[in-house]
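The following exercises are to be worked through in order, each with its solution.

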Amino acid sequence: MSRALRRPPTPGVEWEFDKVSFSREFSRNVVTRLLVERAEHGGWELDRVRIGPDGTRRVVLRRKIIRAVRTA
């Protein structure tokens with residue numbers, strides 16, 4: 001992955017990342033259902049997926065960190 005090809009983050013936006021790996025024994029449909037479940041209930045979105053030569057799927061999920069702004 002080249003950093004130059006990715007858009008720079010929007011100023012003031014922070015992201016939390018989570019790495020998940022799935023072995024090749026999991027079918028594509030099962031992995032999709034598991035990721036959809038995390039997206040719906042945890043607020044995660046797909047950042048990238050890499051499939052290794054051994055068939056392992058390495059998934060990076062992200063979600064925005066929303067900081068509460070204190071009002072006086």
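**Exercise 1: A strand and a surface patch**

Task: Determine where Ile51 is placed and which residues make a nonpolar surface patch with it.

Solution. Step 1: Ile51 belongs to strand β2, residues 45-51; helices (H or I, at least four residues) and strands (E, at least two) are DSSP runs, numbered from the N terminus. The model is a predicted one, in which local features need pLDDT of at least 70 and side-chain atom pairs count only at pLDDT 80 or more, while totals for chains, interfaces and linings use all residues. Residues are numbered from 1 along each chain as its sequence is written, and side-chain values use heavy atoms, with hydrogens and water left out.

Step 1: Ile51 counts as exposed because its relative accessibility is 59%. Buried means under 20% relative accessible area, exposed over 50%, and partly exposed in between (1.4 Å probe, protein chains only).

Step 2: Leu46, Val49 and Ile51 make a nonpolar surface patch of about 290 Å². Patches are made of residues with over 30% relative accessible area and no salt bridge, where like charges are joined within 9 Å and nonpolar side chains (Val, Leu, Ile, Met, Phe, Trp, Tyr) within 5 Å. Accessible areas come from the Shrake-Rupley method with a 1.4 Å probe, and for residues only the protein chains shown count as cover.

**Exercise 2: The overall pattern**

Solution. Step 3: The protein has 72 residues, of which 17% count as buried.

**Exercise 3: Salt bridges**

Task: Find how many salt bridges the whole structure holds, and examine the pairs formed by Asp18 and by Asp47.

Solution. Step 1: Side chains of opposite charge can pair when their charged atoms come close. A salt bridge is a side-chain nitrogen of Lys or Arg within 4 Å of a carboxyl oxygen of Asp or Glu. A search of the whole structure gives five salt bridges.

Step 1: In the salt bridge between Asp18 and Arg38, the closest N and O atoms are 2.3 Å apart. Asp18 lies in strand β1 (residues 14-22) and Arg38 in helix α1, so this pair ties together parts that are 20 residues apart in sequence. Asp18 is partly exposed, with a relative accessible area of 22%, and Arg38 is partly exposed at 30% relative accessibility.

Step 2: Asp47 forms a salt bridge with Arg62, with 3.8 Å between the closest N and O atoms. This pair links distant parts of the chain, since Asp47 is in strand β2 and Arg62 in strand β3, 15 residues apart. Asp47 counts as buried at 16% relative accessibility, whereas Arg62, with a relative accessible area of 22%, is partly exposed.

Step 3: Asp47 also forms a salt bridge with Arg48, the closest N and O atoms being 3.0 Å apart. Arg48 is partly exposed, at 26% relative accessibility. A network of salt bridges links Glu45, Asp47, Arg48 and Arg62.
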